[in-house]
Amino acid sequence: GVAREAVDNLVLSPGTTHPLDLQFPSGSVAGSGRAMLVVTGNVLSQTIDGLDGLLRMPFGCGEQNMILFAPDVFVTRYLQSTGQAKPEVLAKAELLLLTGYQRELTYRRSDGSFSAFGDQDPEGSLWLTAFVLKTFSQARGIIYIDDTVLNAAKVWITRWQNPNGSFRPVGFLHHPDLAGGLAGDVALTAYVAIALSEAGDATGAKSAIGYLESQLAALADDYSLAIVAYALARAKSPQTSAAHAGLLARAQTDSAGLYWGGQPAPPTPLPRYPAPVAVDAPPPGMAVVRPSRSAMIETTGYAVLALLETGDLINAQKAIRWLAAQRNAFGGFDSTQDTVVALQAMTSAAAGQRRDVDATVTIRSGSWQKDLKVSPDNADVVQIVEMPAGASATVESEGRGEVMAQFVRRYNLPNAASPAKSAFQINVRYSADQVAVNDRITVTVAIQFTPPEPLQAGMVVLDVAVPTGFVPVSDTLDAALKQQPKLKRWDLAGRKVILYVDDLAPSEQLLVSFQAEALYPVRAQPVPSRAYAYYRPEWSGETLGKPVVVTATG
């Protein structure tokens, strides 16, 4: 079946009761359901506990690899500043940091820049190089970072600074929200200014800040405003107060707290694609870009960092609560950048907090009851309770302080999601349904990008399942990379082949084939494959393969 997960994040205040639905959707595979409640007194505990599983995505390109690196920098610094640096957690963080650092250097180019696929790309990426510079600079003092790498990156970055202090995009920009839209190069310039500031390059950062100050009044979207507000606040710009006031004026509120980025961006010019996809009547030649959840999380993260820099702790905490309510079951978010920014915001806010909680959490379902104690002594401990099958339950808190809780339901569905609702049409075919041991089958993957809005996909990840009992044949995957220019890299993750696609336009199609070899006799059941846009994970498509039988030779 196809795995599914439903997550509800709760903030349990004293005297509050929350209902929980223990039922699984109709049609789910019998006996596959599991429900649990995760309880902690520290907003970061769940994230720290799952450092090596923050994102359920592969770490295959120069940007995705940074998820092995950036979150651990923030968490390690938080643990050190709060006196919670337990040896086993630090050991895990150091291993991931060293692994991520060494792996990232493989994407470094001879000119000192970095790009998503290293020397396979025609040029370095300004954005990724700034991301690496910023994060490596923050890691100094935790692990060894070669200053030669940092200095070369700074020199390469400043080559692309315009006389007015702004930066223009260089290299493929996988991250669409930094593309600028009507804001031009403002968001990218703010990002680079923050990176240069972190790396101690006061000259390049000062010139960029001057440009941002001149553009502040004209910013029309929340993302640009949030990242510019953070850059200005870090630089202690005279325009910091104006940026802070603008942030608060655009803040939105829901039951979880404050957030930014929930409104569609102003209409932007519509690219000329073959067979563009229809949208709801924007002005002629323009497209209304609706915000993704990932972009909202990242925007709110930058807003929190700006609020913290200006000392607005009250509104920062309201936004932290909203961010905490968006996490997945591993303590992370949707993609690399939203997790990195949100986690930096959460660790920055938590470092100055006291763990003022002494509460009892009670979970009830019929005659079943479980009590959990959350106090300053165990506030950092993640407590997990398996929930009994049933129609409903309640969870309530009594005592002092707020407790974070996450209700998780995992189950399987017998079929993939309806193609009519998918942003990717994906079909995975096997050349035979019955073979002998040592025989090969050809796995053919056909996808078409059918987004709800006329936007390019950016980086696309194909998560292609190979039947149980088979192993992909490496040289046929290498051949596929040479035959299909859109393919940049392949990786193996268990029985999955991970294919990285540079970009797709609406309605564009892609066909990839490789071979897999049968290792042992087996009746392989259908396994799911998936395609998704890395920066809009909600844009995805999936399919179930067919059963395959492998018989013994002779």
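Biologist: Which way does H11 pass H12, left-handed or right-handed?

Modeller: H11 crosses H12 in a left-handed sense. Left-handed means the near helix is turned anticlockwise from the far one by less than a right angle; clockwise is right-handed. Helices are DSSP runs (H or I, at least four residues), numbered from the N terminus. This is a predicted model: local features need pLDDT of at least 70, side-chain atom pairs count only at pLDDT 80 or more, and totals for chains, interfaces and linings use all residues. Residues are numbered from 1 along each chain as its sequence is written, and side-chain values use heavy atoms, without hydrogens and water.

Biologist: What makes H11 oblique to H12?

Modeller: Helix H11 (residues 313-324) and helix H12 (residues 336-350) pack at about 130 degrees, axes 10 Å apart. Under 35 degrees is roughly parallel, over 145 roughly antiparallel, 65 to 115 roughly perpendicular, and the rest oblique. So H11 is oblique to H12.

Biologist: Which residues of H11 and H12 make the contact?

Modeller: Gln317, Ile320, Leu323 and Ala324 of H11 meet Ala342, Ala345, Met346 and Ala349 of H12. Contact means heavy atoms within 4.5 Å. By class, this gives 7 nonpolar, 1 polar and no charged residues.

Biologist: Which residues does Leu308 contact, leaving aside neighbours within four places in sequence?

Modeller: Leu308 lies in helix H10 (residues 293-309). Its contacts are Leu313, Ala316, Ala345, Ser348 and Ala349.

Key
Axes fitted to C-alpha atoms, helices over the stretch in contact; angles between N-to-C directions. Helix = DSSP H or I, 4+ residues; strand = E, 2+ residues; numbered from the N terminus. Nonpolar A, V, L, I, M, F, W, Y, C, P; charged D, E, K, R; others polar.
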